[in-house]
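This report concerns the packing of a predicted model. The sequence and the structure follow.

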Amino acid sequence: MASYIAIIHKDEDSDYGVSFPDFPGCITAGRTLDEARTMAAEALSLHIQGMSEDGAAQPEPSTLDEIAKNPDFTDGVAVLVDAPRQSHTLRVNITISSDDLTAIDSYASRHGMTRSGFLVQSALKAAR
């Protein structure tokens, strides 16, 4: 499994922003460092999924030395984010009460997540 470097940065009066030098345009944010790291994993996964659907090749991860030389990324902290395993995304149907679905959607929205992202993260966390 490949890991990519994400740069976490913070400006005054803002959330923690996250960008990926190897994936221009793949950005996200979080209110805390932990949330920013969680959101980074989801953003990278979705970005790579979109590239795959478009037939684009996934780049080789840059080295920390390469990224450290780039002045655009000297204002943040570098963290490694694992790329998702190469698997196909499947659409599934589940049966759930409307009240439970409303609660899930509300929670996911408040935390900047999609319904699918929240359900997958919750299920994987419970399985560990």
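Beyond the neighbours within four places in sequence, Leu44 is in contact with Tyr4, Phe20, Phe23, Cys26, Val81, Asp82 and Ala83. Leu44 is also among the members of the largest nonpolar core that touch the most other members, together with Tyr4, Val18, Phe20, Phe23 and Val81.

Helix 1 comprises residues 33–53, and its 21 residues should span 30 Å at 1.5 Å a residue, which agrees with the 30 Å between its end C-alpha atoms. Its buried residues are Glu35, Ala36, Met39, Ala40, Glu42, Ala43, Leu44, Ile48 and Met51. Just after helix 1, Gly55 takes a positive phi of about 80°.

The elements below are among those that cover the buried residues of helix 1.

| Covering element | Residues |
|---|---|
| Strand 1 | residues 3–10 |
| Strand 2 | residues 16–19 |
| Strand 3 | residues 27–30 |
| Strand 4 | residues 77–82 |
| Helix 4 | residues 115–127 |

Helix 4 also packs against helix 3 (residues 98–110), at an angle of about 95° and with the axes 9 Å apart. The two helices are therefore roughly perpendicular. In this contact, Leu101, Ile104, Asp105, Tyr107 and Ala108 of helix 3 meet Arg115, Phe118 and Leu119 of helix 4. By class, the contact has six nonpolar, no polar and two charged residues.

Terms used
Residues are numbered from 1 along each chain as its sequence is written. This is a predicted model: local features need pLDDT of at least 70, side-chain atom pairs count only at pLDDT 80 or more; totals for chains, interfaces and linings use all residues. Side-chain values use heavy atoms; hydrogens and water are left out. Helices (H or I, at least four residues) and strands (E, at least two) are DSSP runs, numbered from the N terminus. The expected span of a helix is 1.5 Å times one less than its number of residues. Buried means under 20% relative accessible area, exposed over 50%, partly exposed in between (1.4 Å probe, protein chains only). Contact means heavy atoms within 4.5 Å. A nonpolar core is a set of buried Ala, Val, Leu, Ile, Met, Phe, Trp, Tyr and Cys residues joined through side-chain atoms within 4.5 Å. Axes are lines fitted to C-alpha atoms, for helices over the stretch in contact, and angles run from 0 to 180 degrees between N-to-C directions. Angles under 35 degrees count as roughly parallel, over 145 as roughly antiparallel, 65 to 115 as roughly perpendicular and the rest as oblique. Ala, Val, Leu, Ile, Met, Phe, Trp, Tyr, Cys and Pro count as nonpolar, Asp, Glu, Lys and Arg as charged, and the others, Gly among them, as polar.
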